[in-house]
Amino acid sequence: MIATCDGVDGDGVLGTGRGQYFAGVEGTSNTVGGNGVIATAHNGTQAYGLWARSDSGYAARFDGKVYINGDFQVTGTKGAVVRAADGTYRGMFAVEAPESWFEDFGFGRLVDGRADVPLDPQFAELVREEGPYHVFLTEYGAGGGLFVTDRTSGGFAVRAASEDAGDREFGYRVVARRKGVAQERFAVLRDATEGKEAPREPRVPGAEAY
């Protein structure tokens, strides 16, 4: 079925569920590569391909993997829902930053107070080659005054200020700017006047003729 509205105003499809748990509109495709529902809207910054809202439940639920081909923005929190040992589900929330960063973690060991740490090649190819990156060190053992030197696109060196540092394990965290995305700090994503008007209210069935 193809539904369109040829008038100045009107919806292409209007559906109302009757009875508990029934949907206003349901779409199913059993063909290979088929889609249950396709929604598009290309005219104006306030055009939403799909708009869902719930004042009491969830605006949307996805049972399965979700793929987003584009930017993902939220005005609330982002987090994982993790099941605890007592059976409850706990929130673990994402750390935010004013720029787009990737990070990697690892362990190293001093040998005679020195260590050369290569970046994982798969990590290195995803971050910007130009500009420095951050390296945070944690010593596991008596303090030897570890410091980072010789940062390159391929790795970095760790040295101990103390001459008797010997062999000692350490951990590191590398934070580098993501390659291929804008790096404007605190980028303005929405003008102060944009989006103050919410999308129009859904039409009430029978309120007007179609």
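This is a predicted model: local features need pLDDT of at least 70, side-chain atom pairs count only at pLDDT 80 or more; totals for chains, interfaces and linings use all residues.

Author: Residues are numbered from 1 along each chain as its sequence is written, and side-chain values use heavy atoms, with hydrogens and water left out.

β6 and strand β7 (residues 155–160) pair in the antiparallel sense over 4 bridges. Strands here are DSSP runs (E, at least two residues), numbered from the N terminus, and two of them pair if DSSP finds at least two bridges between them. Val148 has Val158 in β7 as its bridge partner. Both strands belong to an open sheet of 3 strands, antiparallel in its pairing and ordered β4-β7-β6. At its edges are β4 (114–118) and β6 (146–149), each of which pairs on one side only. On average, neighbouring strands of this sheet are turned by 25° against each other, direction ignored; the axes are lines fitted to C-alpha atoms, and angles run from 0 to 180 degrees between N-to-C directions.

Another open sheet of 3 strands has antiparallel pairing and the order β3-β8-β5. Because β3 (101–109) and β5 (134–140) each have a single partner strand, one side of each is left without a neighbour in the sheet. The twist in this sheet averages 15° from one strand to the next. β3 pairs with strand β8 (residues 169–177) over 9 bridges in the antiparallel sense, and Phe105 has Arg173 in β8 as its bridge partner.
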